[in-house]
Amino acid sequence: MMREKFERCAVYFSGFMAVAAGAFGAHGLDGRLSETMLQAWETAVRYQMWHTLAIALLLFCQSRTPKARRLAIRCWFSGIVLFSGSLYALALGAPSFIGPVTPIGGALLLLGWLIMAVATLKTSTSPQADQ
């Protein structure tokens, strides 16, 4: 119960941060960053928000694959931190050695989707499986 409460609060906070980062990018960074870095910022916001929504969907829906669901959520949370976080950092002038973190985060985002796809294929579709 406590873990579920923490996960829900974390997804709410991630949604809040995505909206705040989007507003900051649109109003606070316009004219301060190169077009390339501003696009990187916007990409980070977009990926953070989409994966925050995916996590929320899994948290609030019943799942026939609870282990896969938990693993996908962990991959997506980690992917948000590494992918979006590294893009935010790079856009704000972090050293370039942060760059290789971005594809690791992207791979975790992809892995979360793959985990859910495989888990879905493995679940039985017979009516008896729902009982």
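**View 1. V45 lies in helix α2.** This is a predicted model, in which local features need pLDDT of at least 70, side-chain atom pairs count only at pLDDT 80 or more, and totals for chains, interfaces and linings use all residues. Residues are numbered from 1 along each chain as its sequence is written, and side-chain values use heavy atoms, with hydrogens and water left out. The helices in these legends are DSSP runs of H or I with at least four residues, while strands are runs of E with at least two, numbered from the N terminus. V45 has a relative accessibility of 15%, so V45 counts as buried (under 20% relative accessible area; exposed is over 50% and partly exposed lies in between, with a 1.4 Å probe and protein chains only). Leaving aside residues up to four places away in sequence, V45 touches A18, A21, G22 and Y88 (contact means heavy atoms within 4.5 Å). Of V45 and A21, the C-alpha atoms are 6.5 Å apart in space, although the two residues are 24 residues apart in sequence.

**View 2. Helix α1, residues 2-28, packs against α2.** The angle between these helices is about 155° and their axes are 9 Å apart (axes are lines fitted to C-alpha atoms, for helices over the stretch in contact, and angles run from 0 to 180 degrees between N-to-C directions). That angle makes α1 roughly antiparallel to α2 (over 145 degrees; under 35 is roughly parallel, 65 to 115 roughly perpendicular, and the rest oblique). The crossing of α1 and α2 is left-handed (the near helix is turned anticlockwise from the far one by less than a right angle; clockwise would be right-handed). Sorted by class, the residues in the contact of α1 with α2 are 15 nonpolar, six polar and two charged (Ala, Val, Leu, Ile, Met, Phe, Trp, Tyr, Cys and Pro count as nonpolar, Asp, Glu, Lys and Arg as charged, and the others, Gly among them, as polar).

**View 3. Helix α1 also packs against α3.** Here the angle is about 30° and the axes are 12 Å apart, so α1 and α3 are roughly parallel to each other. The crossing of α1 and α3 is left-handed. On the α1 side, the residues in this contact are R3, E7, A10, V11, S14 and A21, and in α3 they meet R70, R74, F77, I80 and Y88. By class, the residues of the contact of α1 with α3 are six nonpolar, one polar and four charged.

**View 4. S84 sits in helix α3.** The relative accessible area of S84 is 1%, and S84 is therefore buried. Apart from residues up to four places away in sequence, S84 touches A44, Y47, Q48 and G79. At 1.5 Å a residue, the 26 residues of α3 should span 38 Å, and the end C-alpha atoms are 36 Å apart, which agrees (the expected span is 1.5 Å times one less than the number of residues). Just after α3, G93 has a positive phi of about 100°.

**View 5. Helix α3 packs against α4.** The two axes are 7 Å apart and meet at an angle of about 160°; α3 and α4 are therefore roughly antiparallel to each other. This crossing is left-handed. The contact of α3 with α4 divides into 19 nonpolar, seven polar and one charged residues. Helix α4 covers residues 101-122, and its 22 residues should span 32 Å at 1.5 Å a residue; the end C-alpha atoms are 32 Å apart, which agrees.

**View 6. Several residues of α4 are buried.** They are T102, G105, G106, L109, G112, I115, M116 and A119. An α-helix has 3.6 residues a turn, so residues three or four places apart point the same way. The cover over the buried residues of α4 includes α2 (35-60) and α3 (66-91).

**View 7. T43 is placed in helix α2.** Not counting residues up to four places away in sequence, T43 touches F83 and L87. T43 and K122 are 79 residues apart along the chain, and their C-alpha atoms are separated by 33 Å.

View 8. Along the sequence, the pattern is α-α-α-α. The C-alpha atoms fill a box of roughly 60 × 25 × 20 Å, taken along the principal axes. Of the 131 residues in the chain, 34% are buried. Among contacts with a separation of 6 or more, 70% are between residues 24 or more positions apart.
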